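Hi everyone, and thanks for making time for this.

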Amino acid sequence: MSNQMSNRMSNQTIICRCEDVTLEEIQNLIAEGLTTIDEIKRLSRCGMGPCQGRNCRPLLMNELARATGQDVREMKMPAFRPPTKPIKLGILLGQAGREENCQERADRGEGS
Amino acid sequence: MICVQRTEIAIVGAGPAGLSAAASAASAGAAVTLLDRQEQCGGQLIKQTHAFFGSEKQYASVRGIDIARLLTEQVRALPNVEILNEATVLGYYQDDGVLAFEKDDRFQKIKPERLIIATGASERTLAFPNNDLPGIYGAGAVQTLMNVYGVVPGRRVLMVGAGNIGLIVSYQLLQAGVEVAAIIEAAPKIGGYLVHAAKVRRMGVPILTSWTIKMAHGQDAVEGATIWQLDEKWQPVPGTERELEVDVICIAVGLSPLAELLWQAGCAMKYVPELGGHVPVRSELMETTVPGIYVAGDVAGVEEASSAMVEGRLAGLAAAQSLGYGLTDAAGLIEEAQRQLESLRCGPVGEKIRRGLAQVGR
């Protein structure tokens with residue numbers, strides 16, 4: 001709670017909301033000499049959360065363009081790998097976790 | 001053990017583009033598997049309670065939600081289409097030509113002979129201080145909340161963006177009894193149709209062009225916003241700040257194509273701002289640079305549902321034809337679809353789209 005309060009006081013701008021990466025953190029990394037989406041992603045986890053960069057990538061590209069003078073059209077994109085969204089290990093394995101999933105579905109059915 | 005299903009044409013996404021592709025490909029005789037992550041087909045049409053413009057061929061004056069129903073019924077009536085709802089595509093494996101998806105809590109695979117990607121687009125966000133406060137939504141998300149789930153987002157809204165989505169959602173907020181404090185637009189001109197803009201203006205909502213959001217305020221949720229004016233170089237002008245008391249901030253600053261699967265498949269991509277971001281290079285038949293992979297709708301360039309439907313029809317016909325299926329009039333149907341696209345994109349409204357499309361021809 002107190003952490004949240006101080007966040008508010010500092011008026012942070014969030015670039016990656018999945019991984020809570022701020023504009024300030026991105027600007028610091030660029031100031032250290034990083035110039036690509038991939039480098040920034042690896043050091044800050046920007047774009048590595050559940051949405052896989054769908055929300056933050058355009059914002060990060062704009063900031064890189066603004067700070068380094070790169071043309072967004074020429075910017076090197078990171079690799080896009082499956083899966084496109086988070087998936088439970090149980091589903092990937094095809095066995096474990098089935099009971100729980102059935103329970104979740106039953107819960108959803110009651111709710112709607 | 002995971003077995004690989006087979007199909008002639010797999011279509012990812014059952015929005016206006018995907019449904020139209022399924023209808024045309026299956027009508028030509030191809031076996032089609034249509035995958036969509038939602039429990040019902042229609043994509044974003046299911047929340048569009050307003051009537052469409054355009055020509056009769058693209059359901060002008062029919063409400064989006066009814067178009068979704070009509071298209072879905074049309075596809076359901078075709079025996080050679082398998083519809084997989086609640087099936088989320090997780091990836092495309094280029095080497096094997098296999099599409100992986102999650103359905104019924106199972107990891108499944110399908111190997112299609114042709115693939116049509118119609119995944120649509122996602123909402124863009126904005127970077128400003130406190131942009132993570134609860135109460136800040138994408139305008140499309142608000143439309144879903146209200147029109148699909150019957151939930152109003154709050155009492156008083158600042159709409160950021162005066163394109164068609166910003167204007168239409170503002171009107172629908174007013175219809176739901178929510179106050180709209182203002183619509184602000186960074187560009188010097190309103191982006192959406194003036195008929196929509198006039199409607200919200202008549203209801204007393206100011207539309208401020210060359211204005212943007214400076215920051216949001218609030219302790220645990222949005223309590224207000226500071227907006228400021230932009231000069232002709234799009235730079236904010238200090239001293240022009242205005243405070244608005246709002247509990248919702250709606251971001252309607254455009255869409256980005258959902259192109260992950262195209263990147264995974266190795267399709268040549270190009271960044272085209274006029275089309276919303278990275279889009280695939282494609283032929284006039286909507287085939288990407290990877291033979292057998294076609295695109296349709298917003299993933300090929302952010303446009304409108306009407307052109308998405310025609311592109312879908314075109315991609316479906318082309319994919320079926322490449323498999324040897326052909327209605328006797330296939331060439332005529334393809335020509336007709338291309339003519340319709342041309343007419344949808346003609347005039348000053350389509351200028352930006354035409355400029356974008358000129359960059360992605362194969």
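**A walk through the two chains**

Let me start with a pair of helices: α1 and α2 of chain B run roughly parallel to each other, because the angle between them is about 30° and anything under 35 degrees counts as roughly parallel. Before I go further, please keep in mind that this is a predicted model.

To find these helices on your screen, look for residues 16-27 of chain B for α1 and residues 64-76 of chain B for α2. Their axes are 9 Å apart, and α1(B) passes α2(B) in a left-handed crossing. Which residues of α1(B) and α2(B) meet? On the α1(B) side we have Pro16(B), Leu19(B), Ser20(B), Ala22(B) and Ala23(B), and they meet Leu71(B), Thr72(B), Gln74(B) and Val75(B) in α2(B). If we sort this contact by class, it has 6 nonpolar and 3 polar residues, with no charged ones.

While we are in this part of the chain, have a look at Ser61(B), which sits in the loop between β2 (32-35) and α2 of chain B. Its phi is near 65°, a positive value in a residue that is not glycine. As a reminder, most residues other than glycine have a negative phi.

Helix α7 covers residues 305-322 of chain B, and helix α8 covers residues 330-344 of chain B. How do the axes of α7(B) and α8(B) cross? They come within 9 Å and cross at roughly 155°, so α7(B) and α8(B) are roughly antiparallel to each other. The crossing is left-handed. From α7(B), the residues in this contact include Val310(B), Leu314(B), Leu317(B) and Ala318(B). Among their partners in α8(B) are Leu333(B), Ile334(B), Ala337(B) and Leu341(B). The contact divides into 10 nonpolar, 5 polar and 2 charged residues.

Let's zoom out to chain B as a whole. It has 9 helices and 19 strands. Its C-alpha atoms fill a box of roughly 65 × 50 × 35 Å along the principal axes. For 362 residues, a compact globule would have a radius of gyration near 21 Å, and chain B agrees with that, at 21 Å.

Chain B is also divided into two domains: domain 1 takes in 4-122 + 255-357, and domain 2 takes in 125-251. How far apart do the C-alpha centres of domain 1 and domain 2 of chain B lie? The answer is 31 Å. Where the domains touch, 5 residues of domain 1 of chain B are in contact with 7 residues of domain 2 of chain B. The domain 1 side of that contact has 1 nonpolar, 3 polar and 1 charged residues.

What about the partner chain? Here 25 residues of chain A are in contact with 26 residues of chain B. On chain A, the elements that each supply at least two residues of that side are β1 (14-16), α4 (56-68), α5 (89-93) and α6 (98-111). By class, the side of chain A that touches chain B has 12 nonpolar, 7 polar and 6 charged residues.

Chain A has a helix pair to show you as well. Helix α2 (residues 23-31) of chain A and helix α3 (residues 37-44) of chain A have axes that come within 11 Å and cross at roughly 120°. That angle makes α2(A) oblique to α3(A). The crossing in which α2(A) passes α3(A) is right-handed. Glu25(A), Ile26(A) and Leu29(A) in α2(A) meet Ile40(A), Leu43(A) and Ser44(A) in α3(A). This contact splits into 4 nonpolar residues, 1 polar and 1 charged.

One last stop, still on chain A. Is the peptide bond from Pro82(A) to Pro83(A) cis or trans? It is cis, with omega near -5°. You will find Pro83(A) in the loop between α4 and α5 of chain A. For context, most peptide bonds are trans.

That's my tour, and I'm happy to take questions.

Technical notes. Residues numbered from 1 in each chain as written. Chains lettered and ligands numbered in written order. Predicted model: local features only at pLDDT ≥ 70, side-chain atom pairs only at ≥ 80, totals over all residues. Axes fitted to C-alpha atoms, helices over the stretch in contact; angles between N-to-C directions. Helix = DSSP H or I, 4+ residues; strand = E, 2+ residues; numbered from the N terminus. Parallel < 35°, antiparallel > 145°, perpendicular 65-115°, else oblique. Left-handed = near helix turned anticlockwise from the far one by under 90°. Contact = placed C-beta atoms within 7 Å. Nonpolar A, V, L, I, M, F, W, Y, C, P; charged D, E, K, R; others polar. Domains from an automatic or database assignment. Rg over C-alpha atoms; globule rule 2.2 N^0.38 Å.
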